[in-house]
Amino acid sequence: MKGTCFLCGNWEELEEHHIFPGRALRPISDKYRATVRLCPWCHRSDRDAVHQSRATREYVQDYGQRKVMREQGWRVETFMAVFGKNYLQDQYEPAEEENTGGGFFALLDEPMPLPY
């Protein structure tokens, strides 16, 4: 299927990339729509591709976690209970009991620069 690549923005034939790795997380990624569509170069071929570059992979995982948390109304703790890990790039400290105002929402809409 042709479309716009999530990373480079080029109009290309796209491949679906499951954001969170491993056979165990693929069905969970599908359930929570934690996928992005990438051109072959951004997916696997280029040196900055998500399957070649740790920085690109971490960028997409940060995006994926923020997306799932926003769509599900989850805090980081709930995301970690489902996906087993925190993928956010910024330092995370658990919210205190009285601070339940959803402070992580302020982070969700900040633009993230591409890793390259």
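R66 is buried in this predicted model, with a relative accessible area of 8%. That value falls under the 20% limit for a buried residue, so this arginine counts as buried. R66 sits in helix α3. Along the chain, R66 and Y87 are 21 residues apart, and in space their C-alpha atoms are 9.0 Å apart.

**The overall layout**

Let's step back to the whole chain. The protein has 5 helices and 4 strands. Reading from the N terminus, their order is β-β-β-α-β-α-α-α-α. Of the 116 residues in the protein, 37% are buried. If you take the contacts between residues at least 6 apart in sequence, 55% of them join residues at least 24 apart.

**Where α3 meets α4**

Helix α3 covers residues 54-72, and helix α4 covers residues 76-83. How do these two helices cross? Their axes come within 10 Å and cross at roughly 110°. An angle from 65 to 115 degrees counts as roughly perpendicular, which is why α3 and α4 are described that way. The crossing of α3 and α4 is right-handed.

Which residues make the contact? From α3 come Q65, V68 and M69, and from α4 come V76, F79 and F83. Sorted by type, the residues of this contact are 5 nonpolar and 1 polar, with no charged ones.

**The nonpolar core**

In soluble globular proteins, nonpolar side chains tend to be buried together. Here, the largest nonpolar core has 23 residues. Inside this core, the residues with the most contacts are F20, F79 and F83. The elements that each give two or more residues to the core are β4 (35-38), α3 and α4. Of these, α3 gives the most, with 4 residues.

Leaving aside residues up to four places away in sequence, F83 touches F20, L25, I28, S29, Y32, V68 and W74. Two of these names have already come up: F20 is among the core residues with the most contacts, and V68 is one of the α3 residues that meet α4.

S29, another partner of F83, belongs to helix α1. Is S29 buried or exposed? S29 has a relative accessible area of 0% and is therefore buried. With residues up to four places away in sequence again left out, the partners of S29 are H18, F20, A34 and F83.

**A loop residue with positive phi**

Most residues other than glycine have a negative phi. R33 has a phi near 55°, a positive value in a residue other than glycine. Where is R33? This residue lies in the loop between α1 (26-31) and β4. R33 counts as exposed because its relative accessibility is 51%, and the cut-off for exposed is over 50%.

R44 is placed in helix α2 (residues 40-45). With a relative accessible area of 43%, R44 is partly exposed. Which residues does R44 touch? Not counting residues up to four places away in sequence, R44 touches E15, A49, H51 and Q52. One of these, E15, is 29 residues from R44 in sequence, while their C-alpha atoms are 9.7 Å apart.

T56 lies in helix α3, the helix that also holds R66. T56 counts as buried, at 0% relative accessibility. The C-alpha atoms of T56 and C42 are separated by 9.0 Å, and the two residues are 14 apart along the chain.

| Residue | Relative accessible area | Class |
|---|---|---|
| S29 | 0% | buried |
| R33 | 51% | exposed |
| R44 | 43% | partly exposed |
| T56 | 0% | buried |
| R66 | 8% | buried |

Technical notes. Residues numbered from 1 in each chain as written. Predicted model: local features only at pLDDT ≥ 70, side-chain atom pairs only at ≥ 80, totals over all residues. Heavy atoms only, no water. Axes fitted to C-alpha atoms, helices over the stretch in contact; angles between N-to-C directions. Parallel < 35°, antiparallel > 145°, perpendicular 65-115°, else oblique. Left-handed = near helix turned anticlockwise from the far one by under 90°. Contact = heavy atoms within 4.5 Å. Nonpolar A, V, L, I, M, F, W, Y, C, P; charged D, E, K, R; others polar. Core = buried A, V, L, I, M, F, W, Y, C linked by side-chain atoms within 4.5 Å. Buried < 20%, exposed > 50% of the residue type's maximum accessible area, 1.4 Å probe, protein only.
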